[in-house]
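User: I would like to go through this model with you. Could we begin with the ligand site and then turn to the sheets?

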Amino acid sequence: MRARIELPGPPTRGNRRLAERIDLEPDEILRAANVHKRFGQTDVLRGIDCVVRKGEVVVLIGPSGAGKSTFLRCMNGLEHFHAGDINFGGVHLSDPTTDIRRVRSDIGMVFQRFNLFTHRTAIENVVEGPIYVRRTPRAEAMRKGMQILEKVGLAHKAKSYPGQLSGGEQQRVGIARALAMDPKMILFDEPTSSLDPELVGEVLAVMRQLSREGMTMVIVTHQMDFAREIADRVVFIDAGAVIEEGDPRTVFSSPKSGRTQAFLARVLVH
Amino acid sequence: MYDLHFEALVPYAPLLLRGLGVTLYVSVFALLVGILSGLLLAFARLSRFPLLTVPAYLFIDFIRGVPLLVLLIFIYYGVSIFTGINIPAIGAAVGGLGIFYGAYMSEIFRAGILAVDKGQTEAAVALGMTRMRVFQRVTLPHAFRTVLPPITNSFISLVKDSSLVSVLAISDLTREGQEIVVATFRAFEAYTAIALVYYAITTILSVFSTMLERRIRRGQ
Ligand SMILES: Nc1ncnc2c1ncn2[C@@H]1O[C@H](COP(=O)(O)OP(=O)(O)OP(=O)(O)O)[C@@H](O)[C@H]1O
Ligand SMILES: [Mg+2]
């Protein structure tokens, strides 16, 4: 018989010790502290610390496999993390008694591959959350849904199925679907990377508009020019940890860390 | 030389019609039992609990390993032997046929549910839906579209296999045909007529299935 050896390490779901808890400053909407996550044997997040203030646009950059998507998905509980805490609006995601669905309903998510409900029209996609999560009466949800589609320039495509829309239009419906929930924050995971180059602009335009209106956004992107333009703060993640962060001008033009410099040198080939 | 005398069947047309009615009755109710048990078995196999998955797997495996004819007889006589309750032949027929097809259809349902794109369910989860809601609003509609054609095919086989219930002395189409042969000695004509009726039902069903498939494609 094999002896069970208790390894020191972060608490797991099964034997969660007193969870670490982190509090928010008044101007913050989300704070992540010491977030650890592993898939099997691989440590994907190794103690991430990160803050998102209200109305702020935070852009996560970093090499492929750094853990950007994983971290983003931890923020709305699509991934479970093993240690540390994420506080969203005063709610601790590390607390097993937290109603994670409440958190999710307040955080919009825009996916790289759009993930629109293919069996529903654009407007049906937009009102799905309000009706089946928020329990908004259908008529009211439809009215608001049409206004939101109008805002992303797609009112005329309300009755189209995702398969009948271009990639750029689908992604704008994706953003409308997130907006329809009146989110406190929206997460974007490479929202333009599966788009043809000529369709990228229309999606970025909508995101710029949201930023102007003061929407809190966390964006993962490989488009450095857009990151520099839209970000209030850039966070460089490598190998599951935050290496460097700051306002985009500083990070892009005079990065402190050697790893950031190397990464930027690779992606900013002119 | 065998002289064909299809006109000899004419007086027995009402009998064939009644047999057709019984065949349809058995088939439709067996389909309902099949869908219900198939769904339950599929959910059991998809569950997280070995206490559900293992028995479901064993049950499906057993049912699929037994010939339908044997299963029908086994249920008809077996139930009364072991429980002392005499079930009507029609009940054994509907139950046996239904559970037999349920075992096959459960695999279709399971595959259909597993085939639903993860991005679809994830988008619903990210909106804050409960697991039940995600299932109802996303998984089910997608799975329904994938399983409809194979389930229609199962129904076509089921209608044909329902001829086996004649061994339980149920007056279905096949049984009535046998009766007509006994009365008229026109075996070839009677079986030709029955074959054509089965063929007509299955053809109607497959045309219907093709139409459904087209409609589903268009809706995407
Ligand atoms: N479900 C999973 N199971 C196992 N490993 C995973 C899973 N999801 C991600 N990983 C691994 O975790 C690491 C981080 O992945 P993640 O997708 O977060 O990276 P990323 O920074 O978003 O990269 P990219 O820029 O390519 O999207 C990678 O090594 C990846 O292989
Ligand atoms: Mg990623």
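User: How many nonpolar, polar and charged residues are in the shell around ligand 1?
Analyst: In this predicted model, the shell has 4 nonpolar, 6 polar and 2 charged residues. Here Ala, Val, Leu, Ile, Met, Phe, Trp, Tyr, Cys and Pro count as nonpolar, Asp, Glu, Lys and Arg as charged, and the others, Gly among them, as polar.

User: Which residues surround ligand 1?
Analyst: Phe39(A), Val44(A), Pro63(A), Ser64(A), Gly65(A), Ala66(A), Gly67(A), Lys68(A), Ser69(A), Thr70(A), Glu190(A) and His222(A) surround it; a residue is near the ligand if one of its heavy atoms lies within 4 Å of it.

User: How is the model set up, and what is left out?
Analyst: Residues are numbered from 1 along each chain as its sequence is written, while chains are lettered from A and ligands numbered from 1 in the order in which they are written. The model is predicted, so local features need pLDDT of at least 70 and side-chain atom pairs count only at pLDDT 80 or more, whereas totals for chains, interfaces and linings use all residues; side-chain values use heavy atoms, with hydrogens and water left out.

User: What is the distance from an oxygen atom of ligand 1 to the side chain of Ser69(A)?
Analyst: An oxygen atom of the ligand is 2.7 Å from an N or O atom in the Ser69(A) side chain. For the side chain of His222(A) the corresponding distance is 3.0 Å, and for that of Glu190(A) it is 3.1 Å. The protein covers 57% of the 640 Å² of accessible area that ligand 1 has on its own (Shrake-Rupley method, 1.4 Å probe).

User: Where does α1(A) lie relative to the strands?
Analyst: Helix α1(A) lies across β1 (28–39), β2 and β4 of chain A, and runs at about 60° to β2(A). Such angles run from 0 to 180 degrees between N-to-C directions, with axes fitted to C-alpha atoms, for helices over the stretch in contact; contact means heavy atoms within 4.5 Å.

User: What is the strand order in the sheet of 4 strands?
Analyst: The order is β2-β1-β4-β5 in chain A, an open sheet with antiparallel pairing; two strands pair if DSSP finds at least two bridges between them. β2 (42–53) and β5 (91–92) each have a single partner strand, so one side of each is left without a neighbour in the sheet. Strand β4 (residues 83–88) of chain A is joined to β5(A) by 2 bridges, and Asn87(A) has His92(A) as its bridge partner.

User: And what is the order in the sheet of 6 strands?
Analyst: That open sheet has the order β6-β7-β8-β3-β9-β10 in chain A, with mixed pairing. The edges are β6 (107–110) and β10, each with a single partner strand, so one side of each lacks a neighbour in the sheet. Strands β3 (residues 57–61) and β8 (residues 217–220) of chain A pair in the parallel sense over 4 bridges.

User: Which helix lies across β3, β9 and β10?
Analyst: Helix α9 (residues 258–267) of chain A does, running at about 100° to β9(A). Strands β9(A) and β10(A) form a hairpin with 2 residues between them, and Ala239(A) in the turn has a positive phi of about 50°.

Note on methods
A polar contact is a pair of N or O atoms within 3.5 Å; within protein, one must be able to donate a hydrogen and the other to accept it, and residues adjacent in sequence count only if both atoms are side-chain atoms.
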